[in-house]
Amino acid sequence: VRASELRRDIASTLVVGYCPFIGNFHEAEMLTQFSLENPEISVRRRALNAPELVRAMLSGTVNVIFLPIMHGPGVDYTKYGELPISDFIVEELFQLNTLTLGIPDGHPLAQCERITRDLFPLLHSETFLFSCAQQNTPLSDRQRNQIYQLLGFEGEMKVRFADYSEPTIALKLVESGTCLLPQACAVPRRIGAVNFIPVENDTIRTSLYYIQRRNISCPALKKLQKCVHEFVGKYN
């Protein structure tokens, strides 16, 4: 019933799913631009982790998802989870080859331009902060393992979880000096008293995908897809 209601409302309302991060993959900028150009169309945003985004797309409770995928050695999942490619439009929008660490003022590495490999051992006693939306899922376990391997851990990596949909909470935890904040998306160089420092790496690559069903076409979806293409074209 919910999916059929969504299809009836699609002419004036779009439901768009995305993953919450402290940074972003330009989803907010694209959706803001779309709303400015199409004030007659309402956009409802749903913050979900990656597996939930795939399930929402399959169930028809969202019209579009922006799905980020972190690639790397040993990753044994397909890019689009359970989504049959023949039924969906799947487009790679952006690709980032960076990992940053949010580090508070006063930390020995806070003023570094780049965290190089010789500095990695200084991170092994730190606690790393991850999204609670990614807690205890196979995908997030693999992503944490990629960071573990990149930084050369041999013992346990201490982790903590916070709600990224409330970024102030996560940033306050970092500012207090209790943890560091890894982000594989676009972040400012500084937010409050947190400095985001690039980490030297040649293994972590993150892509953002735009996904919608092939068999559902309407003016609102066509306008969104056009807006996304124009935004990506200007950015790239």
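This is a predicted model: local features need pLDDT of at least 70, side-chain atom pairs count only at pLDDT 80 or more; totals for chains, interfaces and linings use all residues.

Student: Which residues of helix 3 are buried?

Tutor: In helix 3, which spans residues 50–59, the buried ones are A50, L53, V54, A56 and M57. They sit on the same side of helix 3, because they cover an arc of only 160° around its axis, the arc being taken from the directions that lead from the helix axis to the C-beta atoms. Buried here means under 20% relative accessible area, with over 50% called exposed and anything in between partly exposed (1.4 Å probe, protein chains only).

Student: OK, and what follows helix 3?

Tutor: Helix 3 is followed by G60, whose phi is positive, near 80°.

Student: Zooming out, how many helices and strands are there?

Tutor: The protein chain has six helices and eleven strands; these are DSSP runs numbered from the N terminus, helices being H or I of at least four residues and strands E of at least two. Of the 236 residues in the protein chain, 50% are buried.

Student: What order do the strands take in the five-stranded sheet?

Tutor: The order is 2-1-3-11-4, in an open sheet with mixed pairing, where two strands pair if DSSP finds at least two bridges between them. Strand 2 (42–47) and strand 4 (88–96) are the edges, and each has a single partner strand, so one side of each is left without a neighbour in the sheet. From one strand to the next the twist averages 20°.

Student: What packs on it?

Tutor: Helix 2 (residues 27–37) does, touching strand 1 (13–18), strand 2, strand 3 (64–71), strand 4 and strand 11, and its direction makes about 165° with that of strand 2. Helix 6 (residues 219–235) lies across strand 1, strand 3, strand 4 and strand 11, and runs at about 25° to strand 4. These angles run from 0 to 180 degrees between N-to-C directions, with axes fitted to C-alpha atoms, for helices over the stretch in contact; contact means heavy atoms within 4.5 Å.

Student: Back to strand 3, then: how many of its residues are buried?

Tutor: Eight of its eight residues are buried. V64, F66, P68 and M70 point one way from strand 3, and I65, L67, I69 and H71 point the other way. In a regular strand the side chains alternate between the two faces of the sheet.

Student: And which way do its neighbours run, parallel or antiparallel?

Tutor: Strand 1 pairs with strand 3 in the parallel sense over two bridges, and G17 has I65 as its bridge partner in strand 3. Strand 11, by contrast, pairs with strand 3 in the antiparallel sense over eight bridges, and P68 stands opposite L208 there. Strand 11 (residues 205–213) is also joined to strand 4 by eight bridges, again antiparallel, with F88 opposite R213.

Student: You mentioned L208; what is it in contact with?

Tutor: Leaving aside neighbours within four places in sequence, L208 is in contact with F25, E27, M30, F66, L67, P68, E91, E92, L93 and F94. L208 counts as buried, at 0% relative accessibility. The C-alpha atoms of L208 and L96 are separated by 8.6 Å, although the two residues are 112 apart along the chain.

Student: New topic: where is H26, and what is its phi?

Tutor: H26 is in the loop between strand 1 and helix 2, and its phi is positive, about 75°, although H26 is not a glycine. H26 is buried, with a relative accessible area of 9%.

Note on methods
Residues are numbered from 1 along each chain as its sequence is written. Side-chain values use heavy atoms; hydrogens and water are left out.
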